[in-house]
Amino acid sequence: MHFKEQHVEVVVVGAGLGGLAAAKTYLELAPQTDLLILEGRSAVGGVWAQNSYEGLRTNNLYGTYEFSDFPLDPSKYDVRPEAHIPGYVLKQYFGDFAEHFDLQRRIRFNTRVHTIAKVDGHWKVQAQTINNRDETLYTCNKLIMCTGLSSTPNAISIPGQKDFGKPILNHTRLGIEGASLACDPAVKSVTVIGASKYGYDAVYMMASNGKRVEWINRRSGGGAVLMALPWVWFGRWRVKLEGLTTTRFVTWFSPCIWGNCDGFGWLRGLLHGTALGRWLVRLFWEKMSADVAEENGYRKEDALKHLEPDEGLFWTGRVGILSYPKHIYDFVRSGQVTVSRKDISHLSEQGTVNFADGTSLKTDALIAITGWDLAPTVTYEPKGLDISLGVPTRDMSDEQRFWNRFDRAADEEILKQFPALRHQPTAKVPYKPGVSAFRFYRGIAPPQLTAEGDHSIAFMKMINGPSNALLVEAQALWTYAYLNDKIPIERPNVYYQTALTSRFGKHRYPCGFGSWYPETVFDAMPYVDMLLMDLGINRWRKASWIREVFEEYTIHDYRGINREWSKVQQQKTNAAPLP
């Protein structure tokens, strides 16, 4: 093993969607920057690079999941209008993006960051090369963390798994090992535990290859994810479901603590601050949830009843799209896939799955959807740095003591603005990560350093939602401006604003992961509006007010925001704008 040191101006950790956007934006605005990207995988694209398994497709339809200035061209890529994007296409697309913007030569692949320290005003990033275990200590002035929320799976932990005697996979191993199982004629039956989107993918992969599938939706878990067809009826109009999430008119029905940033605060006030408005809002969400249940047949067909979510669309950020070539529920209707709502007590020899109700079944393989570990895989030094940065920590007592008074004030404000959020459902979250919540100002910046005037580190892609392309480009520009002291920030207000963002998720999405990180299913638009307001550029980007209110936003509406911001800065300082 060799050890070396290297100094660079900017280090980006992660080469997924967020890392690529961060690096490209930074270099577009500051081309001479000595910037390096550290990536633990062998290719760009994050989970799309590592786990591109058979049948994997985006929830998004073509035209909504790409970078604004690098089109996903149908003449080059295997994509079609009004169709979902295959995983292998995204893997190719991200590689081409990195090559086009000259990022490939800046990436250190198979390099895993394990320790980050703040020393004498610099960041020390210690990383190990996976192949030969060489150690490198990178010293940088600016650090952008883009590890995302889907990096490390939770371990499989079922009593008796060592004696099981059959293959056991988690959702991150569906690529090579999952494909091998699906094609193995000796594997006749597969048990899938979990009804998240990954659970749906695993079931479809096995069923479409002729396997009999026992699909277990744990009674003690958070229930099935809400799945819908990509196209839904909205009144008389057939519309894209993901398009509804970025249509201003629809977003007004979602109580959102940063909702007034879209410029329609008066209308939101009528909807959420009056009894009549709240009645309309409740009807809206009940109708949407009922339409999804009706379309999917949960309440009409006994075979599907265990796939209906425990709560309606309003309370959860766990939403997926039925993006499969054949309708997955046809396998359930035919009996090839059987869905059960029960808990596993233990595994035993010869592929036996034992349940808490005393029943058991035999299977040739087991796939467990374990979810993602939200605890950082990086050690922050010195001790306590993680709390000051706002990253999740297992030392929750110290973290909570610091935030108590801010959280109480934030809770009072949130429930005052949105009284409907006082009436929380009883459904469970999918699991409890055992760590504190993410605590970032604007979902990006560490609050303590921000309050102290230290703008040297930022965290991107720590927000979840279907509108990822919109989020990352706005976040990337905000991050660049923040790291270069170009964002006006009221320092005394930083902790309270951070608490509002953190606590809002707890009240808004109690059946998802909103208690740990911001979820933005119907809240992405006002979030992007907030970032653009901070940046001083136009948040209303449609050609007319009718289109502004009733037309969906896509990433293409934000093309050129880097140049717009550069022009604003040039007007302020008389500096040269971007070419």
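Colleague: What should I know about the model before reading it?

Modeller: The model is predicted: local features need pLDDT of at least 70, side-chain atom pairs count only at pLDDT 80 or more, and totals for chains, interfaces and linings use all residues. Residues are numbered from 1 along each chain as its sequence is written, and side-chain values use heavy atoms, with hydrogens and water left out.

Colleague: How do I read a sheet, and in what order do the strands of the five-stranded one run?

Modeller: Strands of a sheet pair through backbone hydrogen bonds, either parallel or antiparallel. Helices (H or I, at least four residues) and strands (E, at least two) are DSSP runs, numbered from the N terminus. Two strands pair if DSSP finds at least two bridges between them. Here five strands make an open, parallel sheet, ordered S9-S20-S10-S11-S16. S9 (168-170) and S16 (337-340) have a single partner strand each, so one side of each lacks a neighbour in the sheet. The twist averages 20° from one strand to the next.

Colleague: How many bridges join S10 to S11?

Modeller: Five bridges join S10 (residues 189-193) to S11 (residues 212-216). Within that pair, Thr191 stands opposite Glu214.

Colleague: Which strands form the antiparallel sheet?

Modeller: The order is S17-S18-S19, again an open sheet. S17 (344-348) and S19 (360-362) are its edge strands. S17 and S18 pair over four bridges, with Ile344 opposite Phe355. Their hairpin has three residues between the strands, and Gln350 takes a positive phi near 60° there. S18 (residues 352-355) pairs with S19 over three bridges. Thr352 has Lys362 in S19 as its bridge partner.

Colleague: Which strands does helix H5 lie across?

Modeller: First, the terms. Axes are lines fitted to C-alpha atoms, for helices over the stretch in contact, and angles run from 0 to 180 degrees between N-to-C directions. Contact means heavy atoms within 4.5 Å. H5 lies across S10, S11, S16 and S20 (366-368), at about 165° to S11.

Colleague: What is the crossing angle of H4 and H5?

Modeller: Roughly 35°, with the axes of H4 (residues 174-183) and H5 (residues 197-208) coming within 9 Å. From H4, Leu174, Gly178, Ala179, Leu181 and Ala182 meet Tyr198, Ala202, Met205 and Met206 of H5. That contact holds eight nonpolar residues, one polar and no charged. Ala, Val, Leu, Ile, Met, Phe, Trp, Tyr, Cys and Pro count as nonpolar, Asp, Glu, Lys and Arg as charged, and the others, Gly among them, as polar.

Colleague: How many residues are in the largest nonpolar core?

Modeller: In soluble globular proteins, nonpolar side chains tend to be buried together. Buried means under 20% relative accessible area, exposed over 50%, partly exposed in between (1.4 Å probe, protein chains only). A nonpolar core is a set of buried Ala, Val, Leu, Ile, Met, Phe, Trp, Tyr and Cys residues joined through side-chain atoms within 4.5 Å. The largest one here has 112 residues; Phe67, Trp285 and Leu535 are among those with the most contacts inside it. Helix H14 (residues 468-483) gives the most to this core, twelve residues. Another core, of 35 residues, lies apart and includes Val187 and Met205.

Colleague: How many disulfides are there?

Modeller: A disulfide is a pair of cysteine sulfur atoms within 2.5 Å. The count is zero. For Cys261, the nearest cysteine sulfur is that of Cys256, 8.0 Å away.
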